[in-house]
Amino acid sequence: HTHFLSLSLQAKMSRPVQARRLEGIDKNIWVEFVKLATTYSRVNLGQGFPDFPPPDFLKEAFVRALSGENHMVHQYTRAFGHPPLVKILAQFFGKLLGRDIDPLTNVMVTVGAYQALFCCFQAFVDEGDEVIIIEPFFDCYEAMVKMAGGKPVYVPLRPKAPEGGKLMSSADWLLDPAELASKFSKKTKVIVLNSPNNPLGKVFSQGDLELIAGLCVQHDVLCISDEVYEWLVYDGKEHVRIASLRGMWDRTVTIGSAGKTFSATGWKVGWTVGPNHLLQHVRTVHQNSVYHCATAAQDAVAQGFQREFELHGKPDSYFVQLPKEMQQKRDWLVQSLDAVGMKPVIPEGTYFLVADISEFKSDVPDVPDSHEPYDSRFAKWMVKNKGLAAIPLSTFYCEAHKSKYNHFIRFCFAKEEATLKAANDILQKWKQEKTNP
């Protein structure tokens, strides 16, 4: 008995336990920066979530779902999406894409857009497949492609200085058509498109999308189109859905999010829309991973979409009101940053705004030979010393390109007036300290 006990005490695992697919993707910037923000920040403009509530009609829909007569909302529903939700999503996106969409085969509900992305990469990307990612990119694309065994291939948007001392806009960050075309090869399986783009707020133009669509058709490549910010487009710009372009429905999975659509990121309801021959594989990954999403949240989102379907394009529509409010918030933050010499890049869409921190180099001197990008050190210094949290832009670039784009940080302006005012106060005080040290 004692012999057995001493054996079991020695029997620590010595073999490596980590699966190869996790190599190199275990570090996550969000874990680190969220921890810093919680510890030090007085004002958190880092992570992309609103600190204002979702609309009343949506909260009321959730309460109705929970307290209503239908006790089945507390149980499993259909694994690929609650019937009322897939039905209204099919109607809504059918209208937007100008085609008939079958709720049972062309729509699948996921645990937020994040799980939709995971399902797509797992469903389509094989060992050695190349996946084109446009930089800067939402950082999970890279990790998820690698986890599926694929090889990310990067194409950067290149900033072009605006004329006449104007502030730069996200529209000044351009795709080089020849460079993009050169990245397509026989090994290319997928291109990931994110418009409006996080972190820049770039809304890809019809011309950009036609260029991408043409290359997809020519090389027989799939498109995963992350359109979670589809309603958050400013200055009268228009969001064009790539699946509506010629030859693209057949090869595109479009991803959406109730979190961004209805300002309820914690509900984690997302969806994919696309042809059945693609979605059937996405369903296979879903049924063998999470299997099912929260029924009551899906029920409430279905009610929200029903309301928006009836009000589509009318002034009372939340999808019309929200971008107006957000554009105002964007403009406040642009003014605050510009006034202190952080040069904002005015976003055409999304929750985010990127600002150039070059003029603040004297506050946070460079450390020669440091492996950490400058913007990352700056953001850490800023949250610890000024109480203002933001995210370094280099996070959204591959290792090889981080050092080229290391003098920008990303702010989230989807915040209450009071939060933005508090951020402005910190910036103003900082500016005074700089002028009168």
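The exercises below, each with a worked solution, concern a predicted model.

**Exercise 1.** Work out in which order the four strands of the open sheet lie, and which of them are the edge strands.

*Solution.* Begin with the order, which is S11-S12-S15-S14, with antiparallel pairing throughout the open sheet. The edge strands are then S11 (343-345) and S14 (391-392), since each of these pairs on one side only. Turn next to S12 (residues 352-356) and S15 (residues 408-412), which run antiparallel and are joined by five bridges; in this pairing, Val354 stands opposite Arg410 of S15. Finally, look for the helix that packs on the sheet: this is H13 (residues 374-386), which touches S14 and S15 and whose direction makes about 50° with that of S15.

**Exercise 2.** Locate Asp220, which has a positive phi although it is not a glycine, and decide whether Asp220 is buried or exposed.

*Solution.* The phi of Asp220 is about 55°, and the residue is found in the loop between H8 and strand S8 (222-226). Its relative accessible area is 58%, and exposed means over 50%, so Asp220 is exposed.

How values were computed
Residues are numbered from 1 along each chain as its sequence is written. This is a predicted model: local features need pLDDT of at least 70, side-chain atom pairs count only at pLDDT 80 or more; totals for chains, interfaces and linings use all residues. Side-chain values use heavy atoms; hydrogens and water are left out. Two strands pair if DSSP finds at least two bridges between them. Helices (H or I, at least four residues) and strands (E, at least two) are DSSP runs, numbered from the N terminus. Contact means heavy atoms within 4.5 Å. Axes are lines fitted to C-alpha atoms, for helices over the stretch in contact, and angles run from 0 to 180 degrees between N-to-C directions. Buried means under 20% relative accessible area, exposed over 50%, partly exposed in between (1.4 Å probe, protein chains only).
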